[in-house]
Amino acid sequence: MKVLNLGPDPSLAYHPELQSKEGKAKSDFRNYEGGDLFERVFNTYKLMHKHQTLDFVKKKHMAWSGCTHSRMTVMETIECLDQLVDESDPDVDFPNSFHAFQTAEGIRREHPDKDWFQLVGLIHDIGKIMALWGEPQWAVVGDTYPVGCQFQNSIVFRDSTFVDNPDEKNTTLNTECGIYERHCGLDKVLMSWGHDEYLYQVMKFNKCPIPEEGLYMIRFHSFYPWHTHANYMHLCNDKDLNMLPWVKEFNKFDLYTKSCDLPDVEQLKPYYQSLIDKYCPGVLQW
């Protein structure tokens with residue numbers, strides 16, 4: 001099987017609140033202070049912040065939201081994550097598919113009555129399959145943020161990576177609200193393109209009956225400026241604020257369940273296949 005090296009996944013690289021369940025010191029977790037790894041992570045964000053413009057995001061919606069790229073089951077897509085190994089990750093050296101099951105099992109332990117929540121833990125990263133279909137990693141992984149308005153300071157590397165983004169120089173877009181109305185709601189806001197938005201679009205296109213709380217987790221789990229730093233609240237409506245605690249609850253499992261104690265995936269598959277059959281049955285369009 002071909003292994004695709006996505007390089008570092010920036011969505012987990014620069015969050016000081018990151019701490020393992022085993023009590024690993026914050027200063028020791030995912031150290032990207034120097035060496036080649038730092039340059040690669042920095043360059044990933046530099047490319048993302050240069051190219052992720054309002055026009056770019058609109059083009060990606062046109063290219064991907066129609067779900068014309070493939071027909072696959074959810075379990076087949078999860079198995080594709082076996083090919084996505086972050087070889088530069090200093091903490092783990094195993095495929096993303098294990099992280100999917102680790103996240104789901106963490107949720108299952110604390111929320112045994114919410115099978116939809118467990119399913120979201122399983123599938124939340126499978127939008128990264130775009131990287132197997134030609135998208136560069138800066139358009140797949142990493143923190144997300146709104147385009148079409150002023151970039152907030154809580155965005156990773158905000159002070160050094162947007163200099164070549166033409167939207168930064170557009171006076172219409174470079175205001176607090178930009179093209180949006182205050183409290184318009186996040187559903188009307190275009191986010192930087194990545195695996196979050198893509199999987200959300202796939203779930204909606206295929207009419208998967210995942211509760212709205214779960215769809216918010218899928219769509220905004222990488223939106224750190226919002227759910228961790230409380231930025232962009234001026235764009236939120238009441239629904240967004242009501243959903244925010246659910247996104248925060250999901251985030252702790254996404255971050256804190258990574259471990260070298262790998263789950264027995266084959267043993268777990270029948271249970272999670274039953275959840276897939278309930279919420280995302282059969283062959284989906286991607």
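Reader: What makes Phe220 buried or exposed in this model?

Author: The model is predicted. Its Phe220 has a relative accessible area of 1%. Buried means under 20%. Therefore Phe220 is buried.

Reader: And why is Trp226 called buried?

Author: Trp226 has 0% relative accessibility. The limit is under 20%, so Trp226 counts as buried.

Reader: How many aromatic pairs does the structure hold?

Author: The structure holds 19 aromatic pairs. In one of them, the rings of Phe220 and Trp226 have centres 5.7 Å apart and planes at 70°.

Reader: What makes Arg108 a charge over the ring of Tyr271?

Author: The charged end of Arg108 is 3.7 Å from the ring centre of Tyr271. The distance limit is within 6 Å. The charged end of Arg108 sits over that ring.

Reader: At what distance does Arg158 lie over the face of Phe162?

Author: Arg158 is 5.0 Å from the ring centre of Phe162. Arg158 also forms a salt bridge with Glu168.

Reader: How do you know that Glu168 and Arg158 form a salt bridge?

Author: Their closest N and O atoms are 3.1 Å apart. The cut-off is within 4 Å, so the pair counts as a salt bridge. Glu168 and Arg158 both lie in the loop between H5 and H6, so the pair ties together parts that are 10 residues apart in sequence.

Reader: What does the salt bridge of Lys269 and Glu79 tie together?

Author: The side chains of Lys269 and Glu79 meet at 2.8 Å, N to O. Lys269 lies in helix H10 (residues 265–279) and Glu79 in helix H3 (residues 74–80), so the pair ties together parts that are 190 residues apart in sequence. Lys269 is buried at 18% relative accessibility. Glu79 is partly exposed at 33%.

Reader: Why is the contact of Lys128 and Asp125 called a salt bridge?

Author: Their side chains meet at 3.7 Å, N to O. The limit is within 4 Å, so the pair is a salt bridge. Lys128 is buried at 2% relative accessible area, and Asp125 is buried at 9%. A search of the whole structure finds 14 salt bridges.

Reader: What makes the link between Glu135 and Trp64 a polar contact?

Author: The side chains of Glu135 and Trp64 are joined at 2.9 Å. The distance limit is within 3.5 Å. Glu135 lies in the loop between helix H5 (115–123) and helix H6 (195–205). Glu135 counts as buried at 10% relative accessibility.

Reader: Which residues touch the most other members of the largest nonpolar core?

Author: Ile123, Met203, Ile210 and Cys280 do, in a core of 81 residues. Beyond its neighbours within four places in sequence, Ile123 is in contact with residues including Val74, Leu199, Met203 and Ile210.

Technical notes. Residues are numbered from 1 along each chain as its sequence is written. This is a predicted model: local features need pLDDT of at least 70, side-chain atom pairs count only at pLDDT 80 or more; totals for chains, interfaces and linings use all residues. Side-chain values use heavy atoms; hydrogens and water are left out. A nonpolar core is a set of buried Ala, Val, Leu, Ile, Met, Phe, Trp, Tyr and Cys residues joined through side-chain atoms within 4.5 Å. Buried means under 20% relative accessible area, exposed over 50%, partly exposed in between (1.4 Å probe, protein chains only). Contact means heavy atoms within 4.5 Å. Rings of Phe, Tyr and Trp (its six-membered ring) pair if their centres lie within 6.5 Å; planes under 30 degrees apart count as stacked, over 60 as edge-to-face and the rest as tilted. A charge sits over a ring if NZ of Lys or CZ of Arg is within 6 Å of the ring centre and within 35 degrees of the ring normal. Helices (H or I, at least four residues) and strands (E, at least two) are DSSP runs, numbered from the N terminus. A polar contact is a pair of N or O atoms within 3.5 Å; within protein, one must be able to donate a hydrogen and the other to accept it, and residues adjacent in sequence count only if both atoms are side-chain atoms.
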